[in-house]
Amino acid sequence: MRILIFISIFASSIFLSLKTCAEETLNVAVLVASKGQRSAYEHLAIQFEKQHPDIHINYLSQNDKHYKHSIHQWLTQIKGLDVLYWQAGLRLNQIAAQGLLEPLDELWQAQHWQKYFPKGIQAIIRQDDHIYGLPYSYYQWGFYYKKSLFSQLNITAPQTWAEFISVCEKLKSSGVTPIVVGGKGLWPIASWFDYLNLRINGLAFHQQVMKGHIPYTDVRVRNVFYKWKQLIDLGYFIPTMNNKNWQEALPYIYRDIAGMTLLGNFAEQHIAKKRSDDIAFFRFPQIDPNIPLHEETPIEIFVIPKNAQHKAAAKLFLTFVGRADIQESLNEELGYIAPHKQAKKNPYYDPHPNIEMKENDSGVAQYYDRDTAELMSIEGVKIMSAFLTNANVELTTQNLEKVRLQAFADDRVQH
């Protein structure tokens with residue numbers, strides 16, 4: 001009897017050992033900004049493991065600051081992680097150009113993703129005729145405002161710049177400062193430069209500025225700041241908001257101190273639930289009718305590093321995340337929008353019905369800090385922040401140009 005028991009235990013131990021060996025661990029790095037996001041990724045892992053019980057997802061999660069510091073180490077170490085969260089735009093192009101990422105062209109073709117993701121988004125993740133990422137989330141930027149206040153003042157969401165100015169005048173004449181910007185973190189201020197440049201000069205020009213190919217002293221860039229200065233000089237911004245972040249600026253909307261704030265829809269999870277039914281959204285208004293309404297649409301992607309240890313399993317994971325139903329459920333928890341064309345969109349607040357934001361087929365911008373060089377971004381937002389309190393166009397553009405010459409010292413300049 002003892003011999004049989006021993007054999008049984010021995011056989012069980014062999015079975016467990018074989019099972020452990022058969023199970024593959026996929027190491028995935030994600031940037032997590034909240035408990036809700038952490039929970040969303042955990043649910044994604046559970047869903048994936050149910051369909052692939054031989055693959056275990058091991059997350060390495062970090063906040064924004066630490067993640068952006070760590071990714072360069074992960075990409076260059078001998079044994080890398082298998083899947084990395086990253087961001088489309090220049091940040092993706094830079095690491096792809098260094099040969100640090102696995103091209104995903106064959107995977108895209110096998111999954112027919114060209115049909116399911118907008119062409120504008122595909123262009124953002126393409127470098128040297130290769131696709132290097134899978135888009136799984138994006139968020140749009142626009143104005144958030146309080147519906148009851150607008151209704152009380154007989155204001156409708158503006159579609160043109162003239163209408164926008166009229167809205168600002170009505171708010172100001174009623175004792176409400178039209179615009180609030182939470183400038184403590186500096187980066188939200190850059191959305192104003194991005195959108196004004198997109199609406200005045202168009203996407204192609206904006207991208208050339210972001211790449212450092214056009215001087216900030218160019219008359220077309222100066223015109224952007226003169227348009228911005230118009231709003232500042234008219235007293236449309238709440239002054240000295242550098243001590244408040246964007247979350248702390250939201251109550252100014254709730255309490256009718258300010259009329260609008262320009263933010264991405266990442267803000268929607270932070271808007272108090274008791275206020276949600278009274279908050280609405282409209283896109284940045286048109287300035288030049290000849291310029292298409294390109295949007296600020298930061299895109300979140302998954303990439304596979306060249307030094308990944310389990311590339312076959314990594315591609316299975318991307319294939320799973322590339323499904324419409326998975327993108328739909330993931331983004332519902334993340335509070336973002338699924339880029340897959342067949343996935344249901346989940347913003348809390350739909351755009352105004354008369355100004356519905358179209359599919360991103362014509363091209364999208366990312367964000368100032370995602371689309372330009374790191375030094376340009378760091379110093380640029382500081383200079384733009386100072387512009388809100390001292391709207392000196394010549395000084396501002398000259399200071400930005402000095403930084404551009406440093407940040408893009410090795411690039412040719414288009415004059």
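Leaving aside its neighbours within four places in sequence, with which residues is E401 in contact?

## Basis of the model

The structure is a predicted model, in which local features need pLDDT of at least 70 and side-chain atom pairs count only at pLDDT 80 or more, while totals for chains, interfaces and linings use all residues. Residues are numbered from 1 along each chain as its sequence is written, and side-chain values use heavy atoms, with hydrogens and water left out.

E401 is in contact with P215, Y216 and T217, neighbours within four places in sequence being left aside (contact means heavy atoms within 4.5 Å). E401 belongs to helix α17 (residues 393-407) and has a relative accessible area of 10%, so it is buried (under 20% relative accessible area; exposed is over 50% and partly exposed lies in between, with a 1.4 Å probe and protein chains only).

Q140 occupies the loop between β6 (134-138) and β7 (141-146). Q140 is likewise buried, at a relative accessible area of 8%. Its C-alpha atom is separated by 9.6 Å from that of Q366, 226 residues apart along the chain.

## The largest pocket

The volume of the largest pocket is about 1,400 Å³. Its lining comprises 45 residues, and D64, K68, Q87, R91 and D369 lie nearest the centre. By class, 22 lining residues are nonpolar, 15 polar and eight charged. Elements that each supply at least two lining residues include α3 (64-76), β3 (83-87), α4 (90-97) and α15 (368-371).

Terms used. On a 1 Å grid over the protein atoms alone, a cavity is a set of points where a 1.4 Å probe fits but cannot get out, and a pocket is an open set with protein on both sides within 12 Å along at least five of seven lines; lining residues have an atom within 4 Å of a point. Grid points are joined across faces, edges and corners, and a volume is the space filled by probe spheres set on the points. Helices (H or I, at least four residues) and strands (E, at least two) are DSSP runs, numbered from the N terminus. Ala, Val, Leu, Ile, Met, Phe, Trp, Tyr, Cys and Pro count as nonpolar, Asp, Glu, Lys and Arg as charged, and the others, Gly among them, as polar.
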